[in-house]
Amino acid sequence: MSCYKYWGKIREIADSLTDIGEDNIDDVDIEKIIKLLDEVEIIAHDKEIDFDSAKHILDDEKMNKALQLIRKFYVYIGARLEKENALDILESENPWDTLNSFHFFERYEGLLDNESKLAKFDETKTFVFIGSGSLPLTPIMFNKVFGCKCIGIEIQEDVAILSRKVLKKLGLDDNIKIIVGDETSLKDIDFDIVMVAAFTIPKDKVFSNVWEIVNTKTPVLYRTYTGMRAILYSPITEKDTRGFHKEVMLLPKGNVNNTSVLIRKIL
């Protein structure tokens with residue numbers, strides 16, 4: 001099916017986001033933004049549009065401005081929802097129930113199912129997640145399901161502090177550690193498996209630094225966006241991951257947005 005039927009809708013959504021504006025975005029009702037982005041996801045999840053057709057939108061210069069704005073709001077809404085859930089957990093009498101109510105919780109379960117097939121996660125492994133955010137849900141889920149020791153790396157100190165409080169509230173502060181820093185912090189950590197979060201930037205620099213630190217046997221996983229789902233966020237390119245060999249790529253299922261990829265360093 002032709003992707004061109006969505007061009008007008010994408011521009012319409014971008015115009016609505018422009019009307020919301022970025023200056024006072026924190027004061028905007030979050031449900032208003034979610035409603036617009038839900039409309040984007042309907043397009044992103046259209047199974048009848050193949051990768052080649054999707055490229056007509058993604059590579060079109062006229063669509064670039066609209067896509068940039070949509071992607072900016074998509075990143076914003078994810079960070080805002082994570083922070084709000086993290087703060088709710090700190091105030092909750094049932095913190096695990098509050099965590100389970102997170103807007104994207106089911107999607108993380110889908111990611112876990114895919115990514116558990118890319119590397120062997122168990123209680124003997126140390127798993128490092130680069131870009132853990134205020135709600136370190138990926139380390140939490142991998143620790144709870146597989147028992148592996150987890151370390152999150154977060155570049156913003158205030159975000160790291162909040163995530164540590166969340167882990168303490170959940171009783172996981174002995175199992176999951178949060179380090180303030182960037183991907184170069186790997187050199188000071190003993191680890192078995194590394195994963196790069198979808199929103200970690202700049203991608204080329206991140207993967208270049210990871211390449212310098214890992215060995216050729218280390219499973220390096222990352223999350224990206226493929227096909228029409230790439231209207232939500234810029235995909236990771238082969239240029240970004242130069243020096244690595246792509247071993248496995250698992251496409252998302254259902255309402256999951258991220259494609260999960262396993263790469264290893266080559267010399």
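Mentor: Start with two tyrosines, Y225 and Y233. Both are buried. Buried means under 20% relative accessible area, exposed means over 50%, and partly exposed lies in between, with a 1.4 Å probe and protein chains only. Keep in mind that this is a predicted model, in which local features need pLDDT of at least 70, side-chain atom pairs count only at pLDDT 80 or more, and totals for chains, interfaces and linings use all residues. Residues are numbered from 1 along each chain as its sequence is written, and side-chain values use heavy atoms, leaving out hydrogens and water.

Now the rings. Across the whole structure, a search finds 14 aromatic pairs. One of them joins F199 and Y233, with ring centres 4.8 Å apart and 55° between the planes, which is tilted. The rule covers rings of Phe, Tyr and Trp (its six-membered ring): centres must lie within 6.5 Å, planes under 30 degrees apart are stacked, over 60 edge-to-face, and the rest tilted.

Where do F199 and Y233 lie? F199 is in the loop between β4 (193–196) and α9 (203–213), while Y233 is in the loop between β5 (220–224) and β6 (244–250), so the pair ties together parts 34 residues apart in sequence. Helices (H or I, at least four residues) and strands (E, at least two) are DSSP runs, numbered from the N terminus.

The two partners sit differently. F199 is partly exposed, at 33% relative accessible area. Y233 has 12% relative accessibility, so the residue counts as buried. Y233 also pairs with Y225: the centres are 5.8 Å apart and the planes at 55°, so this pair is tilted.

F121, F127, F129, F142 and F146 make up one aromatic cluster. W211 has a charge over its ring: the charged end of K265 lies 4.2 Å from the centre. The rule there asks for NZ of Lys or CZ of Arg within 6 Å of the ring centre and within 35 degrees of the ring normal.

Next, charges. Side chains of opposite charge can pair when their charged atoms come close. The count comes to 13 salt bridges, each being a side-chain nitrogen of Lys or Arg within 4 Å of a carboxyl oxygen of Asp or Glu.

Take R223 and E115. Their closest N and O atoms are 2.7 Å apart. R223 is in strand β5 and E115 in helix α6 (residues 105–115), so this bridge links distant parts of the chain, 108 residues apart. Both R223 and E115 are buried.

K205 bridges to E183, with closest N and O atoms 3.1 Å apart. K205 is partly exposed at 38% relative accessible area, whereas E183 is buried at 3%.

D122 and K125 meet in a salt bridge too, at 3.6 Å from N to O. D122 is buried, with 13% relative accessible area. K9, E12 and E39 are linked in a salt-bridge network.

Finish at S132. S132 lies in the loop between β1 (126–130) and α7 (137–146). The residue is buried, at 3% relative accessible area. Leaving out residues up to four places away in sequence, S132 touches G152, I153, E154 and I178. Contact here means heavy atoms within 4.5 Å. S132 and A197 are 65 residues apart in sequence, yet 7.2 Å apart in space, C-alpha to C-alpha.
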